Amino acid sequence: MTALTSPLPLRDEVFLLGHDEDTGQPHVHRQALALGMAGAVLIDLFLAGRVVLDPNGTTRPAGDLTLHLYQDRPVGDLIADTAIASIRHATTAPPLRGWLRAFSNDLYDRTRAGLVTSGILHHQQRRRLAGLVRADTYLPSHTRWQVIPRARLCALARGREQPDNHTAALAGLVAVLGLSPYLYLDNDTATLPTRLRTVADQHYKPVRSVTAAVDATVGDLATATYR
């Protein structure tokens, strides 16, 4: 069992905060959530010293940045190590937004499967429409898996704690994915995204660039949906 003091990988916390803890339903579109989780994987790799963004062109806009390996060695996490391999085996340095789209393709299902395997989610099958339709539901095995990251974000939003790298990155992703209203931190939900973004804006520039790219790519997804 994961220690309570050790945060889960950033992508897992994005997944958990992106779902209703009672019904298991996602708060936002699954593909948008998967894009956020792809950004989370990349941020974790940057913080672990494995990935850098376009070291030869730091003045480019966030969407034009490319990914490069800084230390080509595994971190011991299957999904993160798959991300490292995808950058290693690319013919040319992958563009940030293109990599987010490609890596997010099956990331939702892979992340959910990993959470089930580790015991953080449990799988239930329910019958609907007089038993004619079977529905698969995935619920947290304990409330702490969502309560703990919410509490860390609450402390940051209220200025009670200095942001650590992990939670500051989570704040930015939660804000751009539109998950702030589902944190249930306080009644002032209108200003909460701004407060979370303010925390995230104190982060390393590459982390801010990844978060901005997630925001832009989710926006592209929304635009394509309504065409």
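Which pattern does the protein follow when it is read along the sequence, and how do helices α2 and α5 pack?

Reply: Please keep in mind throughout that this is a predicted model, in which the mean pLDDT of the protein is 88 and 88% of its residues reach 70 or more. Confidence is highest in helix α1 (residues 10-17), at a mean of 98, and lowest in strand β3 (residues 121-128), at 82.

Read along the sequence, the protein follows the pattern α-α-β-β-α-α-α-β-β-α-α-α-α, which contains 9 helices and 4 strands. Among the contacts between residues at least 6 apart in sequence, 62% join residues that are at least 24 apart.

Now to the part you asked about. Two packed helices are described by the angle between their axes and by the distance between those axes. For helix α2 (residues 30-47) and helix α5 (residues 107-117), the angle is about 70° and the axes lie 9 Å apart. Angles of 65 to 115 degrees count as roughly perpendicular, and therefore α2 is described as roughly perpendicular to α5. On the α2 side the contact is made by R30, L33, A34, M37, A38 and V41, while α5 contributes L107, Y108, D109, T111 and R112. Sorted by class, the residues of this contact are 7 nonpolar, 1 polar and 3 charged.

In soluble globular proteins, nonpolar side chains tend to be buried together. Here the largest nonpolar core has 63 residues, and α2 gives the most to this core, with 12 residues. The residues with the most contacts inside the core are L96, W99, L153 and L196.

The axes of helix α6 (residues 144-157) and helix α7 (residues 165-176) come within 10 Å and cross at roughly 90°, which makes α6 roughly perpendicular to α7. The contact of α6 with α7 has 7 nonpolar, 2 polar and 1 charged residues.

Finally, L196 touches L153 as well as A171 and V174, and its other partners, not counting residues up to four places away in sequence, are A157, G172, A175, S180 and L183.

Notes: Residues are numbered from 1 along each chain as its sequence is written. This is a predicted model: local features need pLDDT of at least 70, side-chain atom pairs count only at pLDDT 80 or more; totals for chains, interfaces and linings use all residues. Side-chain values use heavy atoms; hydrogens and water are left out. Axes are lines fitted to C-alpha atoms, for helices over the stretch in contact, and angles run from 0 to 180 degrees between N-to-C directions. Helices (H or I, at least four residues) and strands (E, at least two) are DSSP runs, numbered from the N terminus. Angles under 35 degrees count as roughly parallel, over 145 as roughly antiparallel, 65 to 115 as roughly perpendicular and the rest as oblique. Contact means heavy atoms within 4.5 Å. Ala, Val, Leu, Ile, Met, Phe, Trp, Tyr, Cys and Pro count as nonpolar, Asp, Glu, Lys and Arg as charged, and the others, Gly among them, as polar. A nonpolar core is a set of buried Ala, Val, Leu, Ile, Met, Phe, Trp, Tyr and Cys residues joined through side-chain atoms within 4.5 Å. Buried means under 20% relative accessible area, exposed over 50%, partly exposed in between (1.4 Å probe, protein chains only). pLDDT is the predictor's confidence in each residue, from 0 to 100.
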